Each structure stands twice: as C-alpha cells, then as structure tokens.
Amino acid sequence: MIAQGWKCGECGFVSIGLFPPDRCPKCRADRSSFTGGTEWKFPEEELDSIIKACWKVSYGLYIVASRNGDRINGQICNTLFQITSDPPRIAIGINHNNLTHEFIEASGVFAASILGKEDHRIVRRFGYRSGRDFDKFKGVDVIFGRTGCPILAGCIGYIECTIIPELTVDAGTHSIFVGDLVGGEVFKEDAEPMTYTYYHRTKDSSQA
C-alpha cells in the first residue's frame, strides 16, 4: 500500500492518496494537472497487523442513496458519522468510481437508511453489485425524503443531507462529503443497528 502526495499545478492544492483526484477540489483542474511527490509504503511485515487493527474500528452499515434527475441509486456505506453538532452535520466517505458518488456530485444531496441486525439480504443487494449493472431499488419499498433521495421503508430510521461543496475532501480513492442535516426520523425505536463487525460475523449463518 503506497500513499503519495499529488500537487495541483494550477493552484498548489495537495491531495494525499494512491491516485490523484479526478478534479482538483479547490480549482476544479482535471487530473492531468497533478504531479506526484514523495511515496510512502507500509513495511511489509506490518501490513497484516495494520489491516486487522482497522477492522477493529467500529462501523455501522447504511444504505447511502442519492439521485440524478429521475434516476436513483444507493450503496452500502460503513463510513458515516456526525462530525459537528452545532450545526448538525454528517460526513460520509464514498469511492470515486461508484455511481452513488456521481449522483451525489450531480444533485448535492444524499440520504442514509440505518440498517438493522436482520438486514443481511439488503446488505448483499446493495453492497456486491454496481447500480450501473442493475436497478438496486427495483421491487424495494421506499419513501422519498425532502431532498428527493430514496429511503428504505423498512429501515430503523434515516437521515438526509445537503452537501457543502467547499467542505468536500479528496481522500485518495474516496471523497469525504460533509452535509448539513435537513431531515431524519426513527421508525423502530428498539431495533439494534447493524454493524460491520456483526455483519461479517453472522453473514454465513444468515444464508443458511
């Protein structure tokens, strides 16, 4: 695993990651404007332990969804957290190559459906295939929030946000979107949320 500093030749912005960003978050120059800097690599003998330590960081599992005109799409996301409380803002990490990333950039909005411990089937549907290949929401019961984003009707609850473009961060393979919280509701007060650890511990038994 190699991280590298990529410097924009137009404005001097520096992005750290495996690859340069598609566009400079500061001046919007395209990828060809970036030049690479110093490389840094994990010591090979430490890599396995580092990855295992990352797995011990607690994550929830969510369906993050957005829209682009009349089209909707969603994906599994385990990088979502409240980053400020006043005003309330949510941050999410989405891979540059994902269709959901494209939709969030186009519409400036997203909604996150909070999954419960029984939602293994939903994780498999939204987490293992691209929305470019099939309609993930076909046959799924949804409601639409004030942002127009789809929300799973059977989820524990949801939050929805409008992104703040100037706070978007290129993190290498992913963008970190920060959004103002504009809506949300709890549907199942007593249900326990699905976590990344719980899903991987129980996914095989759930398919039995």
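Q: Among contacts between residues at least 6 apart in sequence, what share joins residues at least 24 apart?
A: In this predicted model, 62% of those contacts join residues at least 24 apart.

Q: What's the count of helices and strands?
A: The protein has four helices and 13 strands.

Q: And the radius of gyration, what does it come to?
A: The protein has 18 Å. A compact globule of 208 residues would be near 17 Å, so the value agrees with that.

Q: What box do the C-alpha atoms fill?
A: Along the principal axes, the box is roughly 50 × 45 × 40 Å.

Q: How much of the protein is buried?
A: Of the 208 residues, 39% count as buried.

Q: How far apart are the mean positions of the positive and negative charges?
A: They are 4 Å apart. The protein has 23 positive and 26 negative charges.

Q: Let's go inside. Which residues of α2 are buried?
A: Helix α2 spans residues 99–107. Leu99, Thr100, His101, Phe103 and Ile104 are buried there.

Q: What do the buried residues of α2 pack against?
A: They pack against strands β4, β5, β7, β8, β11 and β13.

Q: What follows α2?
A: Gly108 does, with a positive phi near 75 degrees.

Q: Staying with β11, what about Cys161 in that strand, buried or exposed?
A: Cys161 lies in strand β11. Its relative accessibility is 0%, so Cys161 counts as buried.

Q: What does Cys161 touch, leaving out residues up to four places away in sequence?
A: Its contacts include Ile90, Gly108, Val109, Phe110 and Thr147. Gly179, Asp180, Leu181 and Val182 are also among them. Gly108 is the residue that follows α2.

Q: Switching to aromatics. How many aromatic pairs turn up in the whole structure?
A: The search finds three. One of them joins Tyr59 and Tyr196.

Q: What geometry do the rings of Tyr59 and Tyr196 have?
A: Their centres are 5.7 Å apart and their planes sit at 70 degrees, so the pair is edge-to-face.

Q: Which parts does that pair tie together?
A: Tyr59 lies in the loop between α1 and β4, and Tyr196 is in helix α4. The pair therefore ties together parts that are 137 residues apart in sequence.

Q: What are the relative accessible areas of Tyr59 and Tyr196?
A: Tyr59 has 25% and is partly exposed. Tyr196 has 22% and is partly exposed.

Q: Phe126 and Phe137 next. Why is that pair classed as it is?
A: The planes are at 70 degrees, so the pair is edge-to-face. The ring centres are 5.0 Å apart.

Q: Where do Phe126 and Phe137 sit?
A: Phe126 is in helix α3, and Phe137 is in the loop between α3 and β9. They are eleven residues apart.

Q: On to the backbone. What kind of peptide bond joins Asp86 and Pro87?
A: A cis one, with omega about 5 degrees. Pro87 is in the loop between β6 and β7.

Q: And Arg28, what is its phi?
A: Arg28 has a positive phi of about 70 degrees, although it is not a glycine. Most residues other than glycine have a negative phi, and most peptide bonds are trans.

Q: Where is Arg28 found?
A: In the loop between β2 and β3. Arg28 is partly exposed, with a relative accessible area of 44%.

Q: Last one, Glu10. Where does it sit, and is it buried or exposed?
A: Glu10 is in the loop between β1 and β2. Its relative accessibility is 60%, so Glu10 counts as exposed.

Q: What does Glu10 touch beyond four places away in sequence?
A: Cys27, Ala29 and Ser33.

Q: And how far is Glu10 from Glu118 in space?
A: They are 49 Å apart, C-alpha to C-alpha. In sequence, Glu10 and Glu118 are 108 residues apart.

Key:
Residues numbered from 1 in each chain as written. Predicted model: local features only at pLDDT ≥ 70, side-chain atom pairs only at ≥ 80, totals over all residues. Heavy atoms only, no water. Helix = DSSP H or I, 4+ residues; strand = E, 2+ residues; numbered from the N terminus. Rg over C-alpha atoms; globule rule 2.2 N^0.38 Å. Buried < 20%, exposed > 50% of the residue type's maximum accessible area, 1.4 Å probe, protein only. Contact = heavy atoms within 4.5 Å. Lys, Arg positive; Asp, Glu negative; His and termini not counted. Charge placed at Lys NZ, Arg CZ, Asp CG, Glu CD. Phe/Tyr/Trp six-rings, centres within 6.5 Å; stacked < 30°, edge-to-face > 60°.
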